[in-house]
Amino acid sequence: MSNADRHRLIAKVVRDSGGATVQQLAKLTGASEMTIRRDLDTLAAQGALERIRGGARTLLLRGEEPPFALRAHEAVDTKRRIAAEISALIADGESVLLDSGTTCLEVARLLRERPVTVMPLSLQAIHLLGETPGPATLVVPGGQPRASEGALTGPLTLASLAALRFDTAVIGCCGLSAADGLTAYDLDDAAVKKASIAVARRTIVAADGGKLGRTAYAYVGASALLHTLVTDTTAPADEVTALEGAGTIVKTA
């Protein structure tokens with residue numbers, strides 16, 4: 001088992017069970033207890049879990065958004081398939097507004113090899129697109145990054161959006177349903193998503209099946225505002241049908 005696979009497994013076990021001991025994780029992964037302790041220290045530093053004596057416990061409370069570092073270890077293959085489908089929908093030469101979040105970060109990995117103009121709304125994607133020269137043109141917005149998340153929000157971000165127009169906005173998703181529309185966990189994040197939709201000719205939403213039928217705290221907009229949803233095979237069929245009935249094109253990666 002690679003380090004990355006072991007980290008993903010540890011993060012999932014701690015999240016799902018609420019906590020785990022070093023001994024339990026060593027038995028589960030086949031790694032030594034010393035290796036597990038190093039893994040837990042690394043994951044704690046990333047904000048994926050809380051290190052406690054003899055093991056770790058989850059940081060996730062009911063109704064809260066999972067930390068970015070924890071989400072980054074989850075469903076990586078699914079996120080990459082969704083990102084590939086989204087990249088295929090974007091033509092060379094387009095201007096693209098790229099939302100924050102782990103799936104949108106996978107989209108950034110693909111767009112940096114394309115002759116497109118990209119304005120990312122997260123520090124992670126800005127760093128990714130800026131670290132190596134490529135055909136993509138990077139535009140950096142203003143804003144204040146949310147702690148441990150890297151998403152840019154606030155008046156400077158909204159001002160950056162208001163000054164520009166984009167061919168496509170790629171929006172991450174906390175919750176999406178035909179009844180309640182697109183929702184987010186954070187009010188400032190919701191304001192940025194709403195502004196992003198307003199300044200783009202079309203909106204593509206990236207959402208794994210687990211986000212469909214879910215409603216988060218902060219309202220962004222009605223599902224009718226969304227041109228295309230790219231999801232995966234776990235998406236509830238009834239929700240997909242309802243979204244298509246509201247006018248959204250649904251593609252499965």
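Tutor: The account below goes from the whole chain to the strands, then to the cysteines and a helical region.

This is a predicted model, in which local features need pLDDT of at least 70 and side-chain atom pairs count only at pLDDT 80 or more, while totals for chains, interfaces and linings use all residues. Residues are numbered from 1 along each chain as its sequence is written, and side-chain values use heavy atoms, with hydrogens and water left out.

The protein chain holds ten helices and 15 strands, where helices (H or I, at least four residues) and strands (E, at least two) are DSSP runs numbered from the N terminus. Its radius of gyration, taken over C-alpha atoms, is 19 Å, close to the 18 Å that the globule rule (2.2 Å times the number of residues to the power 0.38) gives for 253 residues, so the chain is as compact as a globular protein of that length. The C-alpha trace spans about 55 × 45 × 30 Å along its principal axes. Of the 253 residues, 49% count as buried, a term that means under 20% relative accessible area, with exposed meaning over 50% and partly exposed lying in between (1.4 Å probe, protein chains only). Among contacts (heavy atoms within 4.5 Å) with a separation of 6 or more, those between residues 24 or more positions apart account for 58%.

Strand β12 (residues 200–206) has six of its seven residues buried, so it is largely enclosed by the rest of the structure. Strand β9 (residues 166–172) pairs with β12 in the parallel sense over six bridges, two strands being paired if DSSP finds at least two bridges between them. Within this pairing, I171 stands opposite V205 in β12. Strand β14 (residues 228–231) also pairs with β12 in the parallel sense, over three bridges, and there V230 in β14 is the bridge partner of A206.

Turning to the cysteines, C173 is buried, with a relative accessible area of 7%, and C174 is likewise buried, at 4%. A disulfide is counted here as a pair of cysteine sulfur atoms within 2.5 Å, and by this rule the count comes to zero. For C173 the closest cysteine sulfur is that of C174, 6.7 Å away, which is too far for a bond.

A separate open sheet consists of three strands in the order β10-β11-β13, with antiparallel pairing. Because β10 (175–177) and β13 (218–221) stand at the edges with a single partner strand each, one side of each is left without a neighbour in the sheet. The twist averages 30 degrees from one strand to the next. Strand β11 (residues 181–184) and β13 pair over three bridges, and the bridge partner of L182 in β13 is G221. Helix α9 (residues 187–198) packs on this sheet, touching β11 and β13, and its direction makes about 5 degrees with that of β13; axes are lines fitted to C-alpha atoms, for helices over the stretch in contact, and angles run from 0 to 180 degrees between N-to-C directions.

For the helical region, helix α6 (residues 102–111) is mostly covered, with eight of its ten residues buried, among them T102, C104 and L111. Q124 lies in helix α7 (residues 123–131) and counts as partly exposed at 23% relative accessibility. Q124 and T102 are 22 residues apart in sequence and 9.2 Å apart in space, C-alpha to C-alpha.
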